[in-house]
Amino acid sequence: MSTLRLGDIAPDFQAQTTQGPISFHEWLGDSWGVLFSHPADFTPVCTTELGTVANYVPEFTKRNTKVIALSVDGLDSHKEWIKDINETQNTEVNFPIIADEDKKVANLYDMLHPNASDKFTVRSVFVIGPDKKIKLTLTYPASTGRNFDELLRVIDSLQLTANYSVATPANWKDGEDVVIAPAIPDSDIPAKFPKGHTPIKPYLRLTPQPNK
C-alpha cells in the first residue's frame with residue numbers, strides 16, 4: 001500500500017489483541033486514537049515506552065484518546081513481555097497490544113521499511129481523529145525513545161484547532177497564547193475572540209487560548 005498521508009482515512013482492520021479481538025474503527029468509536037508500533041517484543045527501548053504509556057493512560061483518557069500498540073509477535077509473547085514491562089517500569093499495562101504475526105496491519109499502515117528491516121515494523125506513530133482521519137504521523141529510529149509528552153501536546157493542539165479558528169505556534173503548550181487563523185478578518189476578531197488579541201504583523205495575530 002502507498003504511504004498514508006495526513007487527512008487519509010486510517011485503514012480499518014480486525015485483529016487479536018491482549019485485551020481480546022477488536023475491529024479497529026469500532027474500537028475507536030468517537031474517541032481520538034494513538035496507534036504505535038514496535039519492532040518486536042522484549043526490546044529495551046520499547047519496554048520503557050510501553051511502561052510510560054501505561055502511566056500516561058489517565059492523561060490520554062482526559063483527552064478522550066485511546067492508545068493501542070502493535071508488534072509482529074504473538075499473543076503469548078505479548079503477555080510474557082507485559083510481565084517484564086510491569087515489573088521493570090513499575091506499572092500495569094492497561095491498553096491493548098495487537099498481535100500482528102501475519103503483518104497484515106503493518107502492511108496496511110506501511111510499517112515495514114525494507115531499508116531498515118524487512119522482518120520487523122519500524123517505530124511508527126499515528127494519531128487518528130474521531131472522524132477516523134490521520135492527523136499526525138511520526139517514525140522514530142530504533143535507538144531513540146518516543147516523546148509521549150510531545151504526543152499529548154500535539155493532541156491538545158489538534159483538539160483545540162479542530163474547534164476554534166486558531167493555530168498553535170512553535171513550542172506551544174496548553175494554556176499559552178495561540179495564533180488567529182489568517183482567514184479571520186480583523187473585523188471579526190472581537191466577536192470571535194472576546195479575550196482580546198495582540199497584532200504582531202497583519203498575518204500574525206495572537207490571542208489567549210479560547211478554551212481556557
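A polar contact is a pair of N or O atoms within 3.5 Å, and within protein one of the two must be able to donate a hydrogen and the other to accept it. With that in hand, one residue of this predicted model can be followed from the overall fold down to its surroundings.

The protein chain has six helices and eleven strands. Its C-alpha trace spans about 60 × 40 × 30 Å along the principal axes. The chain has 212 residues, of which 45% count as buried. Among contacts in the chain with a separation of 6 or more, 65% are made by residues 24 or more positions apart.

As for charge, the protein chain carries 21 positive and 27 negative side chains. The centres of these two sets lie 6 Å apart.

Is Q159 buried or exposed? Its relative accessibility is 19%, and buried means under 20%, so Q159 counts as buried.

Which residues is Q159 in contact with, leaving aside its neighbours within four places in sequence? They are W32, R63 and T65. For R63, a distance can be given: a polar atom of the Q159 side chain lies 2.7 Å from the backbone oxygen of R63. In this pair, the side chain belongs to Q159 and the backbone oxygen to R63.

Key. Residues numbered from 1 in each chain as written. Predicted model: local features only at pLDDT ≥ 70, side-chain atom pairs only at ≥ 80, totals over all residues. Heavy atoms only, no water. Buried < 20%, exposed > 50% of the residue type's maximum accessible area, 1.4 Å probe, protein only. Contact = heavy atoms within 4.5 Å. Helix = DSSP H or I, 4+ residues; strand = E, 2+ residues; numbered from the N terminus. Lys, Arg positive; Asp, Glu negative; His and termini not counted. Charge placed at Lys NZ, Arg CZ, Asp CG, Glu CD.
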